[in-house]
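Subject: Structure handover

Hello,

Here is the structure for you to look through. My notes on it follow below.

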Amino acid sequence: MRREVPLVLTAMVGITMIIAHFIPPFNILKDLFEDWFFIIAAFAIYLGISNLILVNGDKIYKKQKGWPFGLVVILGFLVMTVIGLFFSGGTSFQDPGTPFYYLYMNVYYPLSATMFALLAFFVASASYRAFRARNVEATMLLLAAFILMVGRVPIGYWFSDWLGDALGKLADWIMDFPQTAGQRAIMIGIALGVVSSALRVILGLERTYTSGE
Amino acid sequence: MVGAEDVTNPVAESTKGIQTPPAPPTNVTAKDIPNDKGGAVTISWGKSADDGSGAKNVTKYEILRSTKRDEGYEVIGNTVAGATSFSDNAAENKVLYFYKIKVLSPTGTAESLPSASTFAKRQWFNLSRLSLFILSLVIGFAILYFIERAKSEKGLFIRRIAGLEAVDDAVGRATEMGRKIIFVPGIMDMDSMQTIAAVTILGRVAKLAAEYEAKLEVPVCTSLVMVTCREVVKEAYLNAGRPDVYNDKMVYYVTNDQFAYAAALDGLFLRERPAAVFLQGQFYAESLILAETANSVGAIQIAGTAMPTQLPFFVAACDYTLIGEELFAASAYLSKDPKLLGSLKGQDVGKFIFLLVILIGAVFLTLNSVLGLNLPNLGRLF
């Protein structure tokens, strides 16, 4: 029963979602199932929070490797929760002027932006490795990348202006034809993979997610 | 129907006496939203001549509705200045409605003339998805047919997928080095097929880790994924005959936030210096941050995603990458179950259909262009 019930529920919900995609009146059920998912996910957040506190609390208590990071996690969680719940000044906690908003804009937001900004450096280091001309494919990648990068910046236009912006046009051609064709081939494969996987899940052939073999 | 000349609408009124009201919206039309479950009407209008600038600049539009043309109008919603349409999602099916748009500005308000009557109705089939429906049926039946056929067919061929072949090596490497294996199942919830595919691969990795007694750690981004991964890992250790090695703390929740998750994992990679990192599932901008950090600590990396925008990053930064459909083929590949392999063969039929349609479509368009023919554009079918 522990495995059969989830499989039956999955099949029922999966088939309903497919039908609802083509038969609009079934959207009522689709919306209902989606609401249920969000309700379950909302309740499940408490599992996550309790796990976060248990794992990091245990790490701090046992002074395990990296325990100060666990302390930062728990303090950060408590500060944001307490301020969001009890120091919102009688207004919605996300409103400008509230302590929560202040922390969000002055702590959380810059930290997130910092992580995102790291991408600039990582793109450079990954590109350096990927563009090394070790074989024919990597050399082609290097050439295409060079044309694209130079063709998309003003200096590229300046270099190839006397050729009628040949680099820019070549860069556009690479993006419009080989790149689009390759990307679409991957996307068709992905779409078919999703259809096939979904059918396997609905039919109960794929059951690892229910901890079945 | 209200024309552009109706800006001097007789129903325009000023709320401040001597001030001039703004010009009312024009051409108000209301139509049932097609191919839906009913209960919805879309209202469109031409912007007020005062929308955009000036002393009478419009602040917002209010949408009014009535079942009678000349009276009983009630406000059912509003939109910001500049908007030219609104969806009334609270209409009753088969009830005739008239709509008016009221424009508000600092100098007063003005109402448009009413729209022609319209009513919402339910459609029993979404005709805009007919071609998709037929294609889904064909591909779905092909997959089911090959699944059924595979039950009696032995030795179905599946091409080698380097990323999945490398799973054993990665786990073995971690065992030999005495370092951890870190499995990251993407940043999305269990409603993503990519997360489900990632969990399938986790089952295999966990089983190998249990057999080799390698240390496995699964930091996750959502609570439901945590619960699912925990069950899968526990079952894998049980199947490997090592339930004693399993510990609930192997799978733990970090945060739902994308960059906080990336920061936590980066720290984990740098502190623990894992021997193997699996990045499987749905990733966004954090993909390269994770892959490059894991690369910097010398971990062998096996990535897999169906996000076309993130694939180049994984290909550049990781040792092996499961590209798109390979991620979904993982369960069939790893289990070698004939029924699952049969579903892959069904997928190939789908690919053949797409290839055929693309080829015929390209030939038709070329003939249209070169010979001036009028052959159908197959691209419009989908």
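A helix axis here is a line fitted to C-alpha atoms over the stretch in contact, and angles between N-to-C directions run from 0 to 180 degrees. Please note that this is a predicted model.

Start with chain A. The axes of helix α3 (residues 67–86) and helix α4 (residues 99–130) of chain A cross at roughly 145 degrees and come within 8 Å. On α3(A), the contact uses Met80(A), Ile83(A) and Gly84(A). On α4(A), Pro99(A), Phe100(A) and Leu103(A) take part. By class, that contact has 5 nonpolar residues, 1 polar and no charged.

Next, the contact between the chains. Chain B puts in 64 residues and chain A 53 residues. On the chain B side, helix α4 (residues 223–239) of chain B gives the most, with 10 residues. That side of chain B counts 33 nonpolar, 16 polar and 15 charged residues.

Chain B is assigned domain 1 (4–111) and domain 2 (155–336). The C-alpha centres of these two domains of chain B are 54 Å apart.

Asn27(B), in strand β1 (residues 26–32) of chain B, has a positive phi near 50 degrees and is not a glycine. Asn27(B) counts as partly exposed because 18 other C-beta atoms lie within 10 Å. Arg273(B) also has a positive phi, near 45 degrees, and is not a glycine. Arg273(B) sits in the loop between α5 (258–272) and β11 (276–280) of chain B. Arg273(B) has 15 C-beta neighbours inside 10 Å, so Arg273(B) is partly exposed.

Best wishes

Technical notes:
Residues numbered from 1 in each chain as written. Chains lettered and ligands numbered in written order. Predicted model: local features only at pLDDT ≥ 70, side-chain atom pairs only at ≥ 80, totals over all residues. Contact = placed C-beta atoms within 7 Å. Helix = DSSP H or I, 4+ residues; strand = E, 2+ residues; numbered from the N terminus. Nonpolar A, V, L, I, M, F, W, Y, C, P; charged D, E, K, R; others polar. Domains from an automatic or database assignment. Buried ≥ 20, exposed ≤ 12 C-beta atoms within 10 Å, placed from the backbone.
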